[in-house]
Amino acid sequence: MNVSGLRMGLALAALLAAAWMNGAAAKSPAPAKACAAQVRDGWVRLPPMQMPMMAGFGRIENRCATPAIIVGVKSAAFADVSLHETRIVDGVSKMRALPELRIAPDGAAVLKPGGMHLMLMQPHAPLKEGSRVAIEFELKDGGSLLGEFEVRKAAP
Ligand SMILES: [Cu+2]
């Protein structure tokens with residue numbers, strides 16, 4: 001390689017480096033800190049006697065610019081967890097499973113007695129009043145939210 005060839009090579013390398021840096025700069029600067037919905041005031045209602053099912057309540061707040069879409073719920077403390085909705089049909093209270101729960105930007109989902117709730121099936125060990133159980137919400141985008149639920153006999 002002669003001197004002019006070397007110069008050209010260096011110039012080309014500089015151009016490529018500049019193009020690469022411009023390309024990198026053109027993308028969003030530093031990735032913004034991921035915004036996530038939050039589970040608040042979670043509690044599990046302890047049934048008056050040993051039962052294979054119980055209900056969980058609380059608030060899921062989404063203070064992000066995009067919707068939070070919950071597509072599944074699980075907990076190591078229970079054999080099965082699902083999202084339920086209680087509705088009065090012809091004067092009779094009925095429950096149905098919700099396959100998906102969408103929380104709008106700046107919105108919140110409220111899980112409360114008589115409304116939406118977590119259906120918690122077959123605890124692996126008896127729950128003690130005052131203890132806490134972790135419940136994980138799976139999001140459509142692949143992420144998850146972890147909530148802590150206090151075991152109580154009555155609403156806080
Ligand atoms: Cu239910």
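A residue is taken as buried when its relative accessible area is under 20%. In this predicted model, methionine 119 has a relative accessibility of 7% and therefore counts as buried. Histidine 117, at 4%, is buried as well.

Both residues belong to the metal site. The copper ion is coordinated by four side-chain atoms, namely ND1 of His84, SD of Met95, NE2 of His117 and SD of Met119, at 2.1 to 2.2 Å. Along the chain these donors follow the spacing H-x10-M-x21-H-x1-M. The angles among the four donor atoms run from 94 to 121°, and the site of the copper ion is tetrahedral. For four tetrahedral donors the ideal angle is 109.5 degrees.

Strand 10 comprises residues 144-152 and shows an alternating pattern of side chains. Leu145, Gly147, Phe149 and Val151 point to one face and are buried. Strand 10 pairs with strand 1 (residues 38-45) in the parallel sense, over four bridges. Within strand 10, valine 151 is the residue that stands opposite valine 44. Strand 9 (residues 132-139) runs antiparallel to strand 10 and is joined to it by seven bridges. Here isoleucine 135 has glycine 147 of strand 10 as its bridge partner. Strands 9 and 10 form a hairpin, with four residues between them. Glycine 142, in the turn of this hairpin, has a positive phi of about 100°.

Two aromatic pairs are present in the structure. In one of them, the ring centres of tryptophan 43 and phenylalanine 57 are 5.0 Å apart and the planes are at 40°, so the pair is tilted. This pair links distant parts of the chain, with tryptophan 43 in strand 1 and phenylalanine 57 in strand 2 (residues 53-62), 14 residues apart. Tryptophan 43 counts as buried because its relative accessibility is 6%. Phenylalanine 57, with a relative accessible area of 2%, is buried too. In the other pair, phenylalanine 137 and phenylalanine 149 have ring centres 6.4 Å apart and planes at 35°; this pair is therefore also tilted. Phenylalanine 137 lies in strand 9 and phenylalanine 149 in strand 10, twelve residues apart, and the pair links distant parts of the chain. Both of these phenylalanines are buried. The 6.4 Å between their centres falls within the 6.5 Å limit for a ring pair.

The model contains one disulfide. The bond joins cysteine 35 to cysteine 64, with an S to S distance of 2.0 Å. The link of cysteine 35 and cysteine 64 is left-handed, with -85° about the S-S bond. This pair, too, links distant parts of the chain, its cysteines being 29 residues apart. Cysteine 35 is in the loop between helix 1 (3-26) and strand 1, while cysteine 64 is in the loop between strand 2 and strand 3 (68-74). With a relative accessibility of 6%, cysteine 64 counts as buried.

Note on methods
Residues numbered from 1 in each chain as written. Predicted model: local features only at pLDDT ≥ 70, side-chain atom pairs only at ≥ 80, totals over all residues. Heavy atoms only, no water. Buried < 20%, exposed > 50% of the residue type's maximum accessible area, 1.4 Å probe, protein only. Helix = DSSP H or I, 4+ residues; strand = E, 2+ residues; numbered from the N terminus. Pairing = 2+ DSSP bridges. Phe/Tyr/Trp six-rings, centres within 6.5 Å; stacked < 30°, edge-to-face > 60°. Donors = N, O, S within 2.8 Å, 3.2 Å for Na, K, Ca; no water. Tetrahedral: all angles 85-135°; square planar, octahedral: opposite > 155°, others 65-115°. Disulfide = S-S within 2.5 Å.
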